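Thank you for making the time this morning; I would like to walk you through one model, element by element.

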Amino acid sequence: MTPLLEVRGLVKHFPVRSGLFGGSQKVVRAVDDVSFMIEPGTTLGLVGESGCGKTTTAKLVLLLEKPTGGEIRFDGESLASLDADGLRRYRKSVQAVFQDPFASLSPRMRVGSIIAEPLVTNERLSAAELGTRLRKVLDLVGLPARSAQLFPHEFSGGQRQRIAIARALTLSPRLIVLDEPVSALDVSIRAQILNLLRDLQRELGLAYLFIAHDLAAVAHMSQVIAVMYLGRVVETGDARTLVSRPRHPYTQALFAAALPSHPDDSRDEIVLAGDVPSPLDPPSGCRFHTRCPKVMAHCSIDEPKLACVDGRDVACHLYDPE
């Protein structure tokens, strides 16, 4: 089966000038040689600390940023080879739901106009057809038809996120990028939105790129999880396997810091030294070696490559064949 989305060696460097008067130019290595695949109808969860490159990766997939290097393929076709019509079709097929539903919805527009805006821009529909599509997506996300006449401020945070999801669905996308879709919501509402997203995936055959800090949400939503650290993927594999038996020391620390699924579950405490290094000047060798509790002498010299370990890919010298 051809992957719906395939990212190969994706790179994004942002040039910055150091010094008060613009001295030597350096680059922020926001995304550095990232690769992953998303199969049709499945979810890839992307996790990592703030500043690891998750959101930049999402922007590259959404064509909000231009990559420095690497390739993105959709349905087997490289985006670099698409003409204007092909890119227009891609943008219709890939939609997004962002973190803050209040900030992403215009306060001056009625909900009906907000949801219908992508349709008005991209398709020629009669008023009757537009109304039918609008009622359908409102029903899909569990909102009554009368919601179309109201303004965003008249809804709760969870309802506003349902509106944002409805807007993403109007063009019948095949992939939705979910960038921290529940982190701004009350804990009691998060499960409702996550369950809605899973129901929509089953009903519509959607694929998701799910970006979140909440490891429990990622584990609940994803078939595959990729863990990023300082612009690189350090571990990727089947979600259940990775959550139950993480292999990379950084993945182990991430899941050790998360709340257990049951109060009686015991969990090893892993304390990481120091802070995340600057992407302006990442450490040599393994980028995690400055904080790793299992660091070895050659970790600061040789950069580990992703290799298969117990059914998942891990970039760590602990699992070198020799």
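Predicted model: local features only at pLDDT ≥ 70, side-chain atom pairs only at ≥ 80, totals over all residues.

Ser81 lies in the loop between strand 5 and helix 2, which covers residues 84–93, where helices (H or I, at least four residues) and strands (E, at least two) are DSSP runs numbered from the N terminus. Ser81 is exposed, with a relative accessible area of 56%; on this scale buried means under 20% relative accessible area, exposed over 50%, and partly exposed in between, with a 1.4 Å probe and protein chains only. The C-alpha atoms of Ser81 and Ala145 are separated by 41 Å, and these two residues are 64 residues apart along the chain.

Residues are numbered from 1 along each chain as its sequence is written, and side-chain values use heavy atoms, with hydrogens and water left out.

Let me turn to the sheet that strand 5 belongs to. Four strands form an open sheet in the order 2-1-4-5, with antiparallel pairing; two strands pair if DSSP finds at least two bridges between them. Its edge strands are strand 2 (25–38) and strand 5 (77–78), each of which pairs on one side only. Strand 1 (residues 5–17) and strand 4 (residues 69–74) run antiparallel and are joined by five bridges; Val11 stands opposite Gly69 in strand 4, and the bridge partner of Arg8 in strand 4 is Glu71. Strand 4 is in turn joined to strand 5 by two bridges, again running antiparallel, with Glu77 in strand 5 as the bridge partner of Phe74. The hairpin of strand 4 and strand 5 has two residues between the strands, and Asp75 takes a positive phi near 55° there.

Now, in what order do the eight strands of the other open sheet run? The order is 6-7-8-3-9-10-12-11, and the pairing is mixed. The edges are strand 6 (94–97) and strand 11 (307–309), each pairing on one side only, and the twist averages 25° from one strand to the next. Strand 11 pairs with strand 12 (residues 312–314) in the antiparallel sense over three bridges, and Cys308 has Asp313 in strand 12 as its bridge partner.

Helix 1 (residues 54–61) packs on this sheet, touching strand 3 (43–47), strand 6, strand 7 (175–179), strand 8 (207–211) and strand 9 (224–229), and its direction makes about 155° with that of strand 7. Contact here means heavy atoms within 4.5 Å, while axes are lines fitted to C-alpha atoms, for helices over the stretch in contact, and angles run from 0 to 180 degrees between N-to-C directions. Helix 6 (residues 187–204) lies across strand 3, strand 7 and strand 8, running at about 155° to strand 8.

Strand 9 deserves a moment of its own. It is mostly covered, with five of its six residues buried. With strand 10 (232–238), strand 9 pairs in the antiparallel sense over six bridges, and Met228 stands opposite Val233 in strand 10. Strand 9 and strand 10 form a hairpin with two residues between them, and Leu230 in the turn has a positive phi of about 50°.

Helix 9 (residues 249–257) has eight of its nine residues buried, so it is largely enclosed by the rest of the structure. The buried residues of helix 9 include Tyr250, Leu254 and Phe255, and its buried residues pack against strand 3, helix 7 (215–221), strand 9, strand 10 and helix 8 (239–244).

Finally, a pair of helices. Helix 3 (residues 111–122) and helix 4 (residues 127–140) pack at an angle of about 120°, with their axes 10 Å apart. That makes helix 3 oblique to helix 4, since angles under 35 degrees count as roughly parallel, over 145 as roughly antiparallel, 65 to 115 as roughly perpendicular and the rest as oblique. In this contact, Gly112, Ile115, Ala116, Leu119 and Val120 in helix 3 meet Leu130, Arg133, Leu134, Val137 and Leu138 in helix 4.
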